[in-house]
Structure formats: structure tokens, C-alpha cells
Amino acid sequence: MSSANAAPQPFLIEVRDLKKSYENGTIEALRGVSLGIAAGDFLAITGASGSGKSTLLHLLGGLDVATEGSVLFRGQPLGTTHNGAATLDLDTYRARYAGFIFQSFHLLPALTALENVQVPLLGHGGDRHANREEKARALLVELGLEHRLRQYPTQLSAGERQRVAIARSLIHDPQVLLADEPTGNLDSVNSAKILEILAQIQQRHGTTLIMVTHDLNIAATAHRHVAMRDGRICN
Amino acid sequence: MRLSFVGFAWRNVWRRRLRTALTLCGIGMGIGAFVALVGFSRSFEHAWLEMYESAGTDLAVVQKTFLNTSVDQDVAVTLGKIPQIATAAPMIFNMMAVTPEVNTLVYGWKADTFEFSALNILSGRHFREGQQEALLGELLAGSLNKKVGDTIDLQGSSFTVVGIYRSNSALESGAIILPLDEMQNLSGMTGKVSAFHLQLKPAPPGISPDQWRQQAEDAVEKQLPGLRAIPAAERASNNQLVVLAHAAAWGTSLIALLVAALGIANTMAMSVFERTKEIGVLRAMGWSRGRIMFLILIEASALGAAGGLVGILLGWGALHALAMLPQTASIVAAGLPVMTLVEGLAMAALVGVLAGSIPAWRGAQLSPVEALRHE
């Protein structure tokens, strides 16, 4: 049921005039980016190398802090300082609300697929996640890896590694999934498979998906597409 | 398999087996040196204590401050008048090289001293005062291949072995006992002794043994200025040989432990550097700086503790070897003192934590983005 005068849905993530510079301001990676991302959105960020798309993703994921401007998650600023307002600690944000998928998978070589998926939950101390193994197993089964649970990353194909990395990013039920060129190291068959999996996760769980890619065909599968050039949004 | 935090730390340590094994060897050598040397000095001290206790010595009268103590033999008269004292036995002890390979303790005792009560004469008889006669502990007799009737050359004088004895104390079983007057002549201590060993009378009703012993100590200090009476345990730990053994053992061990700590620090620093990207991944997954630091410290202490176990085995083996060598058999028992074992393990874990703290701090300070970009 809808209502004509219902209050507008607030953004899950809102970016306000975000700037990021390096080396005492001599390199400006972001030059004032403002953006709103609703819950359940699927956003693709494209741009050439050096356009600032990965920097924006890092700031959206709380991996880095902005030089100026702010990132708000559910209306709460991320980081440690924001004009005295209550902020959401970056570690807490990443641990509870954000999940990451990297181009190079970044699985830990000493651990099996099943163990790799559990690693995010080990970061919280104590034993609050008594069922973490069962949860990790269920995710891997869901991603078609039930026969690869005990394999180490070197024993897996690239596509399988990325599926393990996806399972790892989902183990703590994040509200936002951030993917940095998730198909960049995959062949076309595996790329298609990974994109299909991400789309299914986004639809099934209502997870907000933010994906950086340089491939416009891949970006076309997203709900929204933001193109970047020289540290600014250009579309 | 359900992954635990400690299991994760252990995987990180174990994945580079060769480096871990080499580091464990380094720590093992350090802790092994600590266990062997400190265990040796403790064993030495324990042998002294055992000797005093088995002989029934309650107190020893020595100089107040000198470790290498020398007491006038005449004070026996004053000691004899102190009502708490039953017997005061003058004695001398010193180290002597009986052969180029074998060093041993040599005692000078009176023929009628109560300290003989702890010895079991296996063959021969007691010595007579004023005669160049000697009693040999069975350990020493074995290593010198001496039997009753043989002679032994000490300081240019020939002594006849008149008896072979057994003692509960390894120290005593590897020693020579000479008549006090002969020992005084040999060591240039005419009219002097190293100490008086006292046996006290039983405490009278209404006075506890501790109070009785304290009264005896006070009486000695009052009537013999410059001297003091100390319990057997204190005498065991305060004699010059034990003090020197402890100092040498701790000094050498600390150097060995420092080398072990540097080994762990180097291993952990290398490990953190090589795993920079992985640390970035963990940070991206929400691991806090404190959690990263804790992980690296757990890894360092696991290395320390495992190295400690290796070291304890090495140290225990070294003590066994020392207990079998003729040069040291008389002053070291093969057993590993429990305190040394506990200290060795604690020391290993502490060295691990301290050596791992700087790499852990550096690892925790890594920015997630910079760590992920690390090549």
C-alpha cells in the first residue's frame, strides 16, 4: 500500500561534498562528490583509471577518511570527527554493516574455503558466533561450492575463489556490499556467473550493492550508473 | 572446521615452517641456557641445603657481611655457654682441583662432629685427627678410581684414603673430608674455621621452636659481635660459591634470552611485513587495531611458549649431561627444579610478548587502504 504524502525514504548512504587529496593536497583524488544511495539500490561506479572511483568506494566502505565532506550511513556520519555530532566508528561500520569484494579476492592462503568465510566473525572477540561454521557452510553451499569446502585458495579456480570471497563478504549479513572490480580477474564465463550471483544476492536479501567497474556492459546491469572523471561525477 | 582465534594465530605461525622452526631453535637455545644454568645453580644450592638438613644443622655461625667467611676457632668457648646450643661443630670448606679435570669440595671436620651422622661409611673407617687421612665420597672415589688404602695428593701432601662414604647430598658424595687440623694446615687457616654448625637443644615447654631458634640467633649476635647465626636454608643460599653460581647463571641466561627475544622480534617483524596485505583485508572486514595487535601478540607468545618447551627439553638434557660428567657430577643433580621449569615457561611467554609488541603495534597502525595496496 502506498501513500501520496508519505515522507521521502532517507538514503542508506549519503555523500556530501566529498573531497580527498593526497601528499599535502598536491594530488586531488576526489573534488567534491555528492551522492545518495537508497537501501536495496544497485549502483555501478565507472571511470577511467585515476578518475577517483576506487577512492570513492574506499570512503563509502569506511576504509579511508575524507579530507573534506562527509559520508553518512543511515544519517549518521562515519568516522571520528564531524562537527561534534555522534559518529559511527569505522571499524564498527565495516564489521557490522559493510562487506567487501576485491578484484584480487584476497583470501588468506593458510585457511580453507570454509575457514576463510568465517574470518570476519573472528574479529569481534569472544564467542558470539557459535554457529559461524554452519553459516559459512550454508553460504558456500548456496554459492555452489559444497564440494570445495576443505580446499585451500591455491586449489581453487579464480571463479571459485571469488565465490568464496563473496561468501566471506556476506557472513555478517551486511546492509551494503562494496565490490571493487569483482570480475576484473575473471574470464567471461566466470564474470557472468559472478554478476548473476551478485544480482541474486541484491534481490534476495535486499542488500545495497555498490560496484566499481571500468566495463560499461557490466555497469549496464546495475540500477544506477555513476560515471566519474577527474575526481568528479560527470553524468 | 570451526575456526578459532587461537587456531587462526597458530596457522599463521605454522605456515612458514622453516622460519618458525629456526626461530624455535633460537628461543629453545635461550630458554635451554636459562634452564640449564639456573637449574644448575639451584641444584647446587639445593645440594647445600640437603647437606645441612640431613646432618641436622639448625644454625650456622658466620661473619656478618663477608661471604668468604673466616671465624676464630676460639669462639667455640663462647658458643658452648649459650644455653640454647647443644653442639657447635667447627668446619672449613673450600674448592680444590684434585686432578686437572676434577674439581671438588674439600671439608675439614672434627672427628667427633655430629655431621657424620648423615654419612654412611661404605668401606673403611673414620679418620683420626692429627693424621693425614681422608674420607672420599663414593661419587668422587668412583671418578678418581680410588679405594680404601690408596693415597691422594692434596696441596703437595699425601693423604691415605681410610674410608669411602655415601651421602644423600650429591655435593657431599663428590667431596673429600679431612681432619679439621689437617685442613687448617693445608689452607693456611690455623686457628680459623669457615663456620660453626650448630645443633640446638630441644625447645623447652612454652617456647616454640622458632622462638627458641630466634633466641639462639640473638644470643650469638649479642655475645659475638661481628658474627651472626643464620638458619641452614639461608646458609645454603648465602655461601660464596652459591652466590657466584647464581650470579653467573642469571647473567649468562639473560644474554641468551636477549638473543632469543631478538629472534622472535625479527620473525614477527618479517611476518607482519609479508602479511601487510592480509592485515589490510582483516581491517577491511572490521577487525580493530586492538584485535590485529592481539593476533600478532598471540602469535609471538605461541612462538615463545613453543620455544620454551623446546628449551626446557634442551635444558633438562644439559642438566642430565652435567650430572654425569665427573667434573660436575658432585655438584648437580639430574632433576629439574620445578621452580626453574615454571620460570622457564613464564620467561619464554614473556619474551614472546615483549619481542612481539613492537611488530604488533606496527601491524595495528597500518591503514586498511595502504595495507591493501601493499605489494
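1. A residue is called buried here if 20 or more other C-beta atoms lie within 10 Å of its own. By that count, 46% of the 375 residues of chain B are buried. The model is a predicted one.

2. Chain B contains 13 helices and 12 strands. Its radius of gyration is 28 Å, whereas the globule rule gives 21 Å for 375 residues, so chain B is more spread out than a compact globule. Along the principal axes, the C-alpha atoms of chain B fill a box of roughly 90 × 50 × 35 Å.

3. Contacts in chain B deserve a separate point. Taking those between residues at least 6 apart in sequence, 83% join residues that are at least 24 apart.

4. B:Q240 belongs to helix α9, which covers residues 240-274. B:Q240 counts as partly exposed because it has 14 C-beta neighbours inside 10 Å; a residue needs 20 or more to be buried, and 12 or fewer to be exposed. Between B:Q240 and B:R19 there are 43 Å in space, C-alpha to C-alpha, and 221 residues in sequence.

5. Chain A has an open sheet of 4 strands in the order β2-β1-β4-β5, with antiparallel pairing. Its edge strands are β2 (27-37) and β5 (76-77) of chain A, each of which pairs on one side only.

6. Which strand of chain A do 2 bridges join to β5(A)? That strand is β4, residues 68-73, and the two run antiparallel. A:F73 has A:Q76, in β5(A), as its bridge partner. In general, strands of a sheet pair through backbone hydrogen bonds, either parallel or antiparallel.

Definitions and conventions. Residues numbered from 1 in each chain as written. Chains lettered and ligands numbered in written order. Predicted model: local features only at pLDDT ≥ 70, side-chain atom pairs only at ≥ 80, totals over all residues. Pairing = 2+ DSSP bridges. Rg over C-alpha atoms; globule rule 2.2 N^0.38 Å. Contact = placed C-beta atoms within 7 Å.
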